[in-house]
Amino acid sequence: MSREITLEASVMIEELMFWIHQNEMGGDCIDPSNRFFPLYLELQKLLDKLNNERHDLYVSVKNDETK
């Protein structure tokens, strides 16, 4: 099986979160007592930070705030 390798940080974080959710948390719900929950939570915070930075950059370029 051939898979495309993506080195974009947000995609890698999403893939890791998906793997943790499916393989370590059973794929149904996120259980705070699971040993991987703290890692999952930190990955979500990092992903949110990356997405906010990307949005802030888009807004600044769209509004020409780069000068």
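Contact here means heavy atoms within 4.5 Å.

**Ground rules.** I'm working from a predicted model, where local features need pLDDT of at least 70, side-chain atom pairs count only at pLDDT 80 or more, and totals for chains, interfaces and linings use all residues. Residues are numbered from 1 along each chain as its sequence is written, and side-chain values use heavy atoms, with hydrogens and water left out.

**Overall.** I looked up the secondary structure and got two helices and zero strands in the protein chain; helices (H or I, at least four residues) and strands (E, at least two) are DSSP runs, numbered from the N terminus. Of the 67 residues, 18% are buried, where buried is under 20% relative accessible area, exposed is over 50% and partly exposed is in between (1.4 Å probe, protein chains only). Among contacts with a separation of 6 or more, 38% join residues 24 or more positions apart.

**Helix H1.** I checked the span of residues 9–23: these 15 residues reach 21 Å from first C-alpha to last, close to the 21 Å expected, taken as 1.5 Å times one less than the number of residues. Which H1 residues are buried? I noted Ser10, Ile13, Met17, Ile20 and His21. They sit on the same side of H1 because they cover an arc of only 95° around the axis, judged by the directions from the helix axis to the C-beta atoms.

**Val11 and Leu47.** Val11 is also in H1, but at 26% relative accessibility it counts as partly exposed. Its C-alpha lies 9.1 Å from that of Leu47, 36 residues along the chain. Leaving out residues up to four places away in sequence, I found Leu47 touching Ser10, Ile13, Glu14 and Met17.

**Core.** Leu47 turned up again in the largest nonpolar core, eight residues in all, with Ile13, Met17, Ile20, Met25, Phe36, Tyr40 and Leu43. Such a core is a set of buried Ala, Val, Leu, Ile, Met, Phe, Trp, Tyr and Cys residues joined through side-chain atoms within 4.5 Å. H1 and H2 each supply at least two residues of this core.

**Asn34.** I went to the loop between H1 and helix H2 (37–62), where Asn34 is found. Buried or exposed? At 17% relative accessibility, Asn34 counts as buried. Its side chain reaches the backbone nitrogen of Phe36 at 2.7 Å. Not counting residues up to four places away in sequence, Asn34 touches Glu24 and Met25.

Methods:
Polar contact = N/O pair within 3.5 Å; in protein donor to acceptor, adjacent residues only side chain to side chain.
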